[in-house]
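Let's go through some of the labels used for this structure and ask what stands behind each one. Have the sequence at hand as you read.

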Amino acid sequence: MPMKGALLIFRLAGIRVYLHFTWFIVAALEVTRFAHRYQNPIWAALEYCALFGVVLMHEFGHALACRQTGGQADTIVLWPLGGIAFVKPPARPGAYLWSIAAGPLVNVVLFPLFTLFAFVLTKLHWKTVHPDFYQFVLTVWFMNAGLLFFNLIPVYPLDGGQILRGLLWLKVGPIRSLKAASIIGFGGAILFALWAIAWRSIWLGILAFFIFAQAQAGWRAAQNLAIESEDTARREAAISPPPIPEQQR
Ligand SMILES: [Zn+2]
C-alpha cells in the first residue's frame, strides 16, 4: 500500500489507482456544500466525480510519460487535495521534464475539447433546456482550466515548480537545481499560508503545509544526492592512480 488508508479501486495499463479513505469524507462535505447550484443535487455528486476524473487523467499523463522514458510508475493515489502519481523517471533532465510536463499537457489537450462542447451546448440553448447538464459542463470546463493554471504555478512540488527544476537541471545539474527549487518551495509555502489566512481557507492552509513538507523533503534529497556524489568522487579518486607530479625544472 503506497499510503496508509488508501484503497485499491482499479488497475489500468499496469498502474494501480488508489483512493484515500478521507476522500469520501471530504466528498460528502463538498457535495452538500455546492448541491444548491443544481435543481437535482445528484449533479453535484457527478461534478465532484468529474473533477477527480480530470485529475486522474492528469496523473495518468505523468505515469504513462514516465514509463515512456523507461522510468517506474505503477501507482496513483487520489486524495482530497487531488492526485499523486508516484513516478520515478531515469535521472536525466529530459526524462524528468517529460514525466512532469505530460500531466498539465493532458489539461491543455482537454481545454479545446471542453470549450467546443460548452460552445455547442450554448448554441443549442441547453442553458434553458437542460440547465443542470449545462451547469455541469460549464463547471467541468472551469475545473480543467483551474487545474491547468494551478498546476503551472512555479512552486515546487507543484508541476510548474518541478518543470522549473527540470529546466534548471539542464543548466546547473541535479543537485543545485533541486536545492533552488526547494528554496522556491519554502517561499511559495509561506505565500500559500498568507493566502490561506487572507481567504480563511482550510484547504489552502493544508496545501501550504503540504508544499512546505515537500520542499523540506526536496532539500533533504538534494543534500543526500550531494553526499552520494562526493562519496563517488572520493571512491573514484582512491581507485585511479595518483597523478604523476610534473618534473621540476
Ligand atoms: Zn501533475
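Q: What stands opposite V77 in β4?
A: I84 does. This comes from a predicted model, where local features need pLDDT of at least 70, side-chain atom pairs count only at pLDDT 80 or more, and totals for chains, interfaces and linings use all residues. Residues are numbered from 1 along each chain as its sequence is written, and side-chain values use heavy atoms, leaving out hydrogens and water.

Q: What makes β3 and strand β4 (residues 82-88) a pair?
A: Two strands pair if DSSP finds at least two bridges between them. Seven bridges join β3 to β4, so they pair, and they run antiparallel. A hairpin of two residues connects them.

Q: How do you know that β3 also pairs with strand β2 (residues 15-20)?
A: There are four bridges here, in the parallel sense. In one of these contacts, R16 has T75 in β3 as its bridge partner.

Q: Why is strand β3 (residues 72-79) called mostly covered?
A: Six of its eight residues are buried, where buried means under 20% relative accessible area, exposed over 50% and partly exposed in between (1.4 Å probe, protein chains only).

Q: Which helix gives the most to the nonpolar patch?
A: Helix α1 (residues 22-34) does, with three residues; helices (H or I, at least four residues) and strands (E, at least two) are DSSP runs, numbered from the N terminus.
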